[in-house]
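Here's a quick briefing to read alongside the structure. Have the viewer open and click along as you go.

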Amino acid sequence: MSFGGEVADWWATAVSRIEPDLIELRGEPVQDLIGRIGFAEMIWLMLRGERPDPRRAALLEAALVSSVDHGPHAPSIAAARMAITCGVGLNNAVATGVNLLGDVHGGAGEQCVELLEEVVRDGDAAAVVARRRARDRYLPGFGHRFHTRDPRRDPLLRLVTDATAEGVVAGTHLRAALEVEELIAPVPMNIDGATAVVYAELGFPPPLARGLFVLSRSVGILAHAWEEAGQGRRNKGPIPPSILPTWL
């Protein structure tokens, strides 16, 4: 192998091909995509190397829309708003928020896909729930600290139910989620659980469930950072200046 070939192979990729006057994304010329493909379809194409059919693309888009924002009490949103008042650029503020999407805040969707896959694999939801609750009473994707019933649950699950009835998806992960929900009633599924059902039914592996959530929540983070930038505050801290922290 020539030295030039070794260098070229160092960054070998099937995602994009960029040459003078040529841009291909997963083998498709970008000029054939612009104006002819939706953003959710584009995400699918880039991650999976193929275009989704319209019904699967619609399910993916519904899940992405559902997770866009949950207000400034969400740490990722609050951090982005504070960051923009410190004089950093909009990109830095968005990155600050995204970097807070960890295992506790932002990771439940990935964890719930893992839970649902375990139920599907074992075929015994009760045993899986018992094993997990022996380690931790918390089950990712179920219950919410703000909502008695997450308003995003029902419309997403209706879409998956309809897609299952029409043969668009298999429905195995939907059934697993509903079995778990019934076992731990009255604790309902939350947005992380509902989107986990969608992503699992569409065949996305658990880590991509978090990656897709990051893409979705980035929209809300951007919107909040931009709004805060226009409010003219400087060095906005986590609590108003009139409130002093408790001295320990």
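**An arginine over the rings**

Start with Arg48, which lies over the face of Phe204, 4.5 Å from the ring centre. Keep in mind that this is a predicted model. Arg48 also has its charged end over the ring of Trp44, this time 4.3 Å from the centre.

**The aromatic cluster**

- There are 2 aromatic pairs in the structure.
- In one of them, Trp44 and Phe204 have ring centres 5.3 Å apart and planes at 75 degrees, so this pair is edge-to-face.
- Where do the two partners come from? Trp44 sits in helix H3 (residues 39-48), while Phe204 belongs to the loop between helix H11 (191-201) and helix H12 (206-229), so the pair ties together parts that lie 160 residues apart in sequence.
- Phe204 pairs with Tyr199 too: their ring centres are 6.3 Å apart and the planes are at 85 degrees, so that pair is edge-to-face as well.
- Put together, the ring pairs link Trp44, Tyr199 and Phe204 into a cluster.

**Buried or exposed?**

- Trp44 and Phe204 are both buried.
- For Phe204 the relative accessibility is 1%, so the residue counts as buried.
- Tyr199 comes out at 2% relative accessibility and therefore counts as buried.

- Now look at the strands: 3 of them make an open sheet in the order E1-E2-E3, with antiparallel pairing.
- Strand E1 (16-19) and strand E3 (28-29) are at the edges with a single partner strand each, so one side of each has no neighbour in the sheet.
- How many bridges join E1 to E2? The two strands pair in the antiparallel sense over 4 bridges, with E2 covering residues 22-25.
- As a reminder, strands of a sheet pair through backbone hydrogen bonds, either parallel or antiparallel.

**Another arginine to check**

- Arg152 is found in the loop between helix H8 (125-135) and helix H9 (153-165).
- Why does Arg152 count as buried? Its relative accessibility is 14%, and the cut-off for buried is under 20%.
- What does the Arg152 side chain touch through a polar contact? The contact is with the side chain of Asp150, at 2.8 Å.

Definitions and conventions: Residues are numbered from 1 along each chain as its sequence is written. This is a predicted model: local features need pLDDT of at least 70, side-chain atom pairs count only at pLDDT 80 or more; totals for chains, interfaces and linings use all residues. Side-chain values use heavy atoms; hydrogens and water are left out. Two strands pair if DSSP finds at least two bridges between them. Rings of Phe, Tyr and Trp (its six-membered ring) pair if their centres lie within 6.5 Å; planes under 30 degrees apart count as stacked, over 60 as edge-to-face and the rest as tilted. Buried means under 20% relative accessible area, exposed over 50%, partly exposed in between (1.4 Å probe, protein chains only). A charge sits over a ring if NZ of Lys or CZ of Arg is within 6 Å of the ring centre and within 35 degrees of the ring normal. A polar contact is a pair of N or O atoms within 3.5 Å; within protein, one must be able to donate a hydrogen and the other to accept it, and residues adjacent in sequence count only if both atoms are side-chain atoms.
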